[in-house]
Every structure is written in C-alpha cells, then in structure tokens.
Amino acid sequence: MKIAVVGKGGVGKTTLTSLLACHYATQGRPVLAIDADPSPCLGPALGFPAEKLLELSPIAEMQELIGERTGAAPDAAGNFFKLNPRVADLPDRFSQVHEGIRLLLLGAVQQGGAGCICPASTMLKQLVRHVLLARDEVVLLDLYAGVEHLGRGTAEAVDAMVAVAEPTHRSLRTVAQIKVLAADIGITNLMLVGNKATTESDRRFFEDNAPDLPLIGCLDASAQAVSADRSGRTLYSLDAALAAAVAAIARRIEDGATPAAMAA
Ligand SMILES: Nc1ncnc2c1ncn2[C@@H]1O[C@H](COP(=O)(O)OP(=O)(O)OP(=O)(O)O)[C@@H](O)[C@H]1O
Ligand SMILES: [Mg+2]
C-alpha cells in the first residue's frame, strides 16, 4: 500500500501521516514513512526519541552523496549528470526505525526556478520512484507542499492520494487545486479527509463542500494534540477516538485503492 498525503499548510498532513503509520505498525505491517517537509516534523509526531532524530539527515542535504550518485556537483544544473542515479540502498542506509516504523527525510532542494532539473531534485524523484515501485512496506509520503516529488510513471504506483482539509473554504480550495495537479500527472485516486472538526456543523461542512472527491473520513480536533507534542508520545497512543477514526479511514483507503495497485 502506497499512500501520499497532501493539503494546504498546517491542515494536519503530518498528523494524519503519523496516525496512519501507527495504525499500520499496530497491525504488524512494516511501514516506511517519508517526510518531504524542508523542516521535518514527522519524526517527533511518530514519537521518535531525540537520539534517533539526531541521526537523521535529509537526503537533499547530502551533497557528497548526490555528487557521487549523479556524477555531478549538486549545484551543477545545466551540466551533464545521471538521470537515473542508484538509490536502492538509501532508504535502509539513511533511515531510522522506531516501533516498527522506518523514517526517511527527503529535505528540500534549492530550486533554480520552475521545472528545475538539478542533480538533487533528480535524485529525490528517483528515490521516491524507487520506494513507490520497489519497496514492500506500507509507504506513507508526507508530501508537504504539493505533488512535485511525483511525476508520470511514479504516480500510478500511488494507491491513494489523500488530501487533508480543515473545515475552511481556503483549505478546500487548495484541495481543488491539488486535484488538478494530481490529474495532470495521472493520479485519479484522490480522496479527502476532513480534520480538526469540533462541531457537527464542521463535519457537515466537509460533506457539503468537498470538491467532487470521495470524503473518506473526518478526524475531530483532539484535546490530546498539545500533550502529544510536549510528551513526545504519539497522538495515536493518547487519543483512542482518533485511532479508531484512522482505522476506518485506512479501510476506506484500501477499499478505494485502484484494482491494479491492489493486485501488486
Ligand atoms: N485532529 C487534530 N486535533 C488537534 N490538533 C491537530 C489535529 N490535526 C492537526 N493538529 C495540529 O495542527 C497543527 C498542524 O498539524 P500538522 O503539523 O499535522 O499539519 P501539516 O499539514 O503537516 O502542517 P505543515 O504544512 O506545516 O507541514 C499541529 O500543531 C497539530 O498538532
Ligand atoms: Mg507537516
């Protein structure tokens, strides 16, 4: 199962990714969680201890490795470099594992402009492509800003793209934009999860305003979110209602996953 999580800033992508990761790990399924945020937050949300977090570096910042694998200096946009660098060993080599969840940080590429093709971005894309096509675990991608790490040929390996929204028109407008971008790269299996609902009217808001997408669940605003952050424990372990809600969401994701991908 390969799931990409997207949505406007701050809506709860990292929270949902962490809940799904804990859900699958609790089921005994190996999980590879990928944090594509330039200021990574998924590790703390997954309860990784500080010493393991310190061991993690984003792949995008490993200039020597990027140079070695692509055959180019990392800032050598425009020069020759390999478009298919070897990446298969990276997920195991540069990740940390905690309670059955393997975590890998992608980091941010210094973009040279729209559509920049540089050694670092090429390597990250190849890495995402590799984990989607070749890894056996449940792969969860916390995609941060958009769908730029995905492309044609990779998109079809994504079983489900889950867009997160708050009960606001703004966050749903972002989902509508993501829907267009996702369709452009061949992702049709986009689903919506509402988050931070506090009232029945919030829950209805998602139903009434979802931009022509299946609404596969709604997570309530949790009173445990702050204590999860402060204690370094997972929200999944502190809020049984959210854990149950995410289990239902995971079932809907699997129900809606594309038949070809389910068979793989
Ligand atoms: N269901 C929830 N209940 C309570 N607080 C929540 C919930 N979901 C998310 N939050 C809180 O909202 C804030 C943003 O959540 P999160 O970091 O998951 O969003 P994000 O979409 O990953 O943000 P970013 O775009 O910055 O990566 C955090 O403080 C988080 O604890
Ligand atoms: Mg985040």
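The sections below treat the fold, the ligand shell, helix packing and selected residues.

**Basis of the description**

This is a predicted model, in which local features need pLDDT of at least 70 and side-chain atom pairs count only at pLDDT 80 or more, while totals for chains, interfaces and linings use all residues. Residues are numbered from 1 along each chain as its sequence is written, and chains are lettered from A and ligands numbered from 1 in the order in which they are written.

**Overall fold**

The protein contains twelve helices and eight strands; helices (H or I, at least four residues) and strands (E, at least two) are DSSP runs numbered from the N terminus. Of its 264 residues, 46% count as buried. A residue is termed buried if 20 or more other C-beta atoms lie within 10 Å of its own, exposed if 12 or fewer do, and partly exposed in between, with C-beta atoms placed from the backbone. Two residues are in contact if their C-beta atoms, placed from the backbone, lie within 7 Å. Among contacts between residues at least 6 apart in sequence, 75% join residues at least 24 apart.

**The shell around ligand 1**

There are 18 residues around ligand 1, of which G12, K13, T14, T15 and A225 come nearest; a residue is near a molecule if its C-beta atom, placed from the backbone, lies within 6 Å of it. Three elements, α1 (13-26), β7 (190-197) and α9 (225-231), each supply at least two residues of this shell. Helix α1 gives the most, with three residues. By residue class, the shell divides into six nonpolar, eight polar and four charged residues. Here Ala, Val, Leu, Ile, Met, Phe, Trp, Tyr, Cys and Pro count as nonpolar, Asp, Glu, Lys and Arg as charged, and the others, Gly among them, as polar.

**Two helix pairs**

Two packed helices are described by the angle between their axes and the distance between the axes. The axes are lines fitted to C-alpha atoms, for helices over the stretch in contact, and angles run from 0 to 180 degrees between N-to-C directions.

| Helix pair | Angle between axes | Distance between axes |
|---|---|---|
| α1 and α11 (240-256) | about 80° | 9 Å |
| α4 and α6 | about 80° | 10 Å |

From α1, the residues L19, L20 and H23 take part in the contact, and from α11, L242, V246, A247 and A250. These residues divide into six nonpolar, one polar and no charged.

Residues I66, R69 and T70 of α4 meet P119, A120, T122 and M123 of α6. This contact comprises four nonpolar residues, two polar and one charged.

**Helix α4 and its faces**

In α4 (residues 63-70), I66, R69 and T70 are buried. Viewed down the helix axis, these buried residues fall within an arc of 85°, so they line one face of α4; the arc is that of the directions from the helix axis to the C-beta atoms. An α-helix has 3.6 residues a turn, so residues three or four places apart point the same way. The buried residues of α4 pack against α6 (119-134), whereas the face turned away from the buried side carries the exposed residues E64 and E68. After α4 comes G71, whose phi is positive, near 75°.

**Selected residues**

Most residues other than glycine have a negative phi, and most peptide bonds are trans. E99 has a positive phi near 45°. E99 lies in the loop between β3 (96-98) and β4 and is partly exposed, with 14 other C-beta atoms within 10 Å. K196 also has a positive phi, near 60°. K196 is placed in strand β7 and counts as buried, with 21 C-beta neighbours inside 10 Å.

R102 belongs to strand β4 (residues 101-105) and is buried, with 20 other C-beta atoms within 10 Å. Neighbours within four places in sequence aside, R102 is in contact with V31, L32, A33, S95 and V97.

L213 occupies the loop between α8 (200-209) and β8 (215-220). L213 and L190 are 23 residues apart in sequence, and their C-alpha atoms are 6.8 Å apart in space.
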